[in-house]
Amino acid sequence: MTYTLIPVTRTYLNGGTPRTGTVRLQLVGALYNNGETADRQPQIATLDSGGSIALSVRATNDPGTLPPGGGAYQVTETLSGLTTSVYYIEVPYDGGPVNLATVPHLTLADVSAPAVLFQPVNERGLPGGYAVLDDSGRVPHDQLPTDLGSGGGGGSGVTISGAATDIQPLGTRAAGSTGKAADASHVHQIPTLSQVGAPTANLDLNGKRIVNGAAGVASTDFATVGQLGQSLLGWVNVKDATYGATGNGTTDDTTALQAAINAAPDGGVVYLPQGVYRTSAPLVARPGVTVRGAHSNLATGLNLTDPACYIQPLSSFTGTALFLLKDQAGGGYPKLPAEHRFENLMLDGSTLDATKPVDGFQAAGDIQNVRMAQVTIRRMSNNGIVTSGVSSVFPRSWQLTDVVIDTCRGNGVSFASMTGLTMRGCAAVGNLGQGMVLSNVANGRLTDCRWERNLSHGLRVTGSWGNGTGSGGMQMDACTTDRNGGHGVLVDATGNGPISITNLTTRRDGRNGGSGGGGFAGLAVVGATMPVVADVVTCYPGVDDDGTGTSSPQYGMLVSGSTSLQFDGLYLHAASEGLHDDGTNVSVSLGSNVTLATGPTTTPVRTVVRSGYAVDWVSVKQYGAKGDGTTDDAPQIQAAINALGAAGGGTLYIPPGRYILNAVLTWAKGVNAIGAGDRVSILQSTNPNLDCITGTDISGVTLTGLQLSGPGRGAGSGVRFTRFSAPSTTNITLRDILIQSFGGDGVFCHEFASSSLERVRVRTCGGVGFHLQAPQDTVTGGASTSLTACFAEGNVTGGFWLDGMAYTALNSCAAQGSPAGYRLDNCTAVSLTSCGAEQCTTGLIVYGGKGTAVNGFVTKASDGASVWVTNSASGVVLHGVVEVSPLSAATACLRTDSGTVATVLGLTAVKPNSLSGTVNLIDPGDGSIVQAGRTVVPSGGTAARMGTAVLVGGTVVVNTTAVLTTSVIQLTIQVPGGTVGSVYISARTSGTSFTITSTSSSDTSTVGWRILDPS
C-alpha cells in the first residue's frame, strides 16, 4: 500500500478572458497508509496568467481509507467576478488526472466517506446553542470566561509567580515575613511519593488537628506533613516542579505533560489540577496509565458556568490529534498496549480553525481495553475520536462512559472494526459531520446514548461486518436522537450478524437545514443485509426550538433495499409518513403493536396497524435462482410465481443479478415483481421466438425496477399480456422498467384497461415499442389507461401504436428513430400532452377515430409529414404543434386528408401544410384563421391586420396597433379613382399607424392593405 499523487487541473475563463483567483483543496475523510495519517494541510493554487491551475493531491489504496481506494477533498473556488463556490470531489487511487471542470461535483450527502467538514459554524447563537464562532472559526474574546489567560483562578486565587513567591525545595525553610513554615504566599513544594521517607520522630496528636505550626526546616515539619496526602495516593501532579506544567492558559505545557505521563508507573495516575494546559504537539498516552483532570464540563453555551479545566492546543499546534494512542510497534512497547485510562478530562480545540484539522483522540492498530469516563471533547477542528487499523489490525474492547463530543467540525466519533465496544451515557452534540460512525463494531453495546443537532446523521451503523466466525452484531438500548440534519439513526451495514434496537426515541431529525423533507427519518435502514430487529421505537416530529423551520422528520422510519427487518412496539409520528417502505426490501415483518401517525402534533392522524400487516416478500433466490448470468433460472423463477399465484398473490423480489431465461415466464394473477433497479436486476431471454413475460386474463399485477433484455432477433416480445375470457386485462402497472433487443414488440397488451405505464423505456426492438390493442368488435375494449414519461427509441416498426384504445392519456412521452413516432388507429378520446417525436418519418398519425386531443407536441428531423390526419378522423384538436428542422425529403408539416375534421391552434410549421377535409387553422403564424380552406384575417378593431383606405389628395393615414417597425404591408388598388398612381408606404409609427401615399397627388383610389409579420 502506498500513496499516489493525483494531478488536479482546470482552466477558468470569463468568455475568452482568463479569470484570477485561488483554488483550495482540503482533504476530508480519513486517508491512511499503513497507519500513517496523510498530511491534511490545505493546498492552495493561484490561477496563472492563462486562468489555469495544476497541483497534486494524495490518494491511497490502504483499506482503512474511506472512501475505499481513494480520497475525498473539499474544493473552494474564489474567482474574480464570481461568488465563492464550495463542493466536494472523490479521487481514485489509480486514476487521474482529475479535471475539476468534468469530475462530479458532490454535496455532503453524496460523499461516500463519513463526512468530515471544515467550515465555520453558523448556528451557535440559537437558543440552547453554543458560543458563536467568527469567520476564522474562533470564539470572540468577549464570550470567553473572564479569567481565561490568567491562570483560570477567577482573579481571586493566590499568586504563584512574581516577587511575592517563595517556593522552596523540601528540607529548606520557606518562611516569609510571617515566619511560618507555610502561609498564603509562602509554601513548600508538594513532594512526590519517592521523596517521602520515614518520620524522624513520633508525633502524638492526641486526637487534635495541627494548628499554629512552627517554622519548618525539615521534611517532617507540620507544613510538609499537610502536603503529603496527594502524593501518598501515588498520583503524578503535572504542576510538580519536576515537570513544570503551569496550566496558565499561555505557556506551552507539552513537554511538562508528556514528561509526567512518561514518569507515571504502571497503574499510576497523572493528575491535571484546575487550569488551561496549552500544547503545541500531540501527547502520547501510555498503556496502563490514567490521565485524570480536575473537571469536565458536560456542554458549553452562552451564560453557562464553564470552569477552565482542559487541554487546549496553541495556534502553533502541529499534528493530527491532541492525544495519540500507539500500537506496540509504533510506541516501542514490550507488550501489546492496553489499559489506557482517561477520566474527568476535557479537551478544547476552539483555538484551531478549519485550516488546521486536529482530532481529539487518534488510535491506530492493536490497542485494547481503553476506558474513558467523564471525558468531554469539544470544538475540535476535525473529529472527536478516531480509530483505524494497522496492517488490518484494529483497536478493540474499548469502554466509554459519560463521554461527550461537542461541536467538532468533523464526526464526533468514528470507530472502525472495533469488536467489543461498550458505550454508556455517551453523547454527540452539534458536530458538523455525523454524531457517531460505527463501522463493524461486532459485539458492540450502546446504552443511554444521545445524538443531537449533528449536521448530518446522528448515528450511522455502517461498513462490512462479515459473516465468518469472528463476525457479530450489535445491541442498542434506551438511546435518543433530536434535531440531526440527516437521519437520527442510519443503518446501512452489510453482514449476517443481527442488530438489536430497543427503546429508541427519535425526535425532530431530518432538519435538513430547517427545510425538512429530504427523505430523512428518525430510524432509517437502507441497503442493510444485516438483520435488524427493533422493539419499542418512537418518533415524534417538530420544528426548531424557536418555532421556525419545517416540521421533520419526513418519515418516522424508512426501510429500503434491506434483507431482513423485524419491528414491533412502534409509535411513529412524522411529517409525511410514519413508516415508509419503498418496496425494495426482501423481508419486512411488523408485529401487532404498531401505530403510525401524520399531521401536526396538536391534531395527529393516527392509524393502528393490526397484526397480519406483514410485508412478506419472496426472493427468487429462495427458490434457487442464481442470477449469475450463466445458469438457466427460468424454472426456479416460474416456481416462485406459481407458489405466489397459488397463495392468492404476493410480491416476488428479484435481487441484483442477470437471470438467464431459456423459457417464457408465465405470470399469475395478483403476483407483483420488484427488482433492485433496471440496471442491476436483469431478466435475460435467450430464445428468439419466445416472449420474456406473458400472461392471459391476468389482473392486479405490478412490475417495477427490472430490465428485460432479449436476444436481438426473432419474434418474441418483452411483455405480452392478452385477454381470452376475461372482459379485459385490468389493473396492470409497469414502472421503472427497461425493455430492449426483442425481435417483436417491447410491450404488447391486449384489451388493456385501468392500467398504467410509468417511466418505461423500450429500445431497439423489431416490432413496436408500446403496442396497446383493443379491437372495436370486443365487448369491453381497452380504456382508462395512462402512459407517463415513457420512451420508445430505435424500434423498427414504430414507437407507440394504440389500436382501438379509448379514454387513454400519454403524458411526457418521447419517440425516436421509428417510421411512426405515434400511431392512433380508430381511438376514442385519446390525448397526448407534452410529447415529442424525433428522427421519425412521421411524428404522429391519427388514423380514424374521434376526439383525439394533442396539447404541446414537437416533431424534429422528420422526413415525411410531421403530423398526418387521415381515414375520416373527426374531432381532432392539435394545439401547440411545433415542427423543428425537418429533413429535405419531408413533404409537409400538417397533412389532413379528405373526410377528416380537425382544429389546429398555434401551429409552427417549417414545411408547407397539405390541408384537405374540414380544417380550422387558427393563427398559423400570421394572425389568420383558415376555415375549411378559406383564409380569414382580422380586419376590424384597433388591431386590424387588413382593411381598405381611400386616398385623399394621394395620401391616407391608417390607424392600427398591429403595425410594427418590421411589418410587411401589402397594398392593392381595389377601386381606382382620380389620376391613379403607384401606392407605397411613406411613413409608419410602430404600434400606432402607417401612411399610404400615391405617386399621383390627385389619386383618390380605394386601397386594400394587409399586415404580415416575419417569423
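Hi everyone. Let's start with contacts, meaning heavy atoms within 4.5 Å. Among contacts in the protein chain between residues at least 6 apart in sequence, 63% link residues at least 24 apart.

A quick word on the model: it is predicted, so local features need pLDDT of at least 70 and side-chain atom pairs count only at pLDDT 80 or more, while totals for chains, interfaces and linings use all residues. Residues are numbered from 1 along each chain as its sequence is written, and side-chain values use heavy atoms, with hydrogens and water left out.

The protein chain has five helices and 82 strands; these are DSSP runs, helices being H or I of at least four residues and strands E of at least two, numbered from the N terminus. Of its 1015 residues, 50% are buried, which means under 20% relative accessible area with a 1.4 Å probe, protein chains only.

Now the cores. A nonpolar core is a set of buried Ala, Val, Leu, Ile, Met, Phe, Trp, Tyr and Cys residues joined through side-chain atoms within 4.5 Å. The largest one has 84 residues, and Phe323, Phe342, Trp398 and Phe415 have the most contacts inside it. A second, separate core holds 76 residues, including Val671 and Leu683.

Finally, please find Asp253, in the loop between strand 15 (248–252) and helix 3 (254–263). Which side chain of opposite charge is nearest to Asp253? That is Lys239, 7.8 Å away; Asp253 is buried yet has no salt bridge (a Lys or Arg side-chain nitrogen within 4 Å of an Asp or Glu carboxyl oxygen). The Asp253 side chain does reach the backbone nitrogen of Gly247 at 3.0 Å.

Conventions. Lys, Arg positive; Asp, Glu negative; His and termini not counted. Polar contact = N/O pair within 3.5 Å; in protein donor to acceptor, adjacent residues only side chain to side chain.
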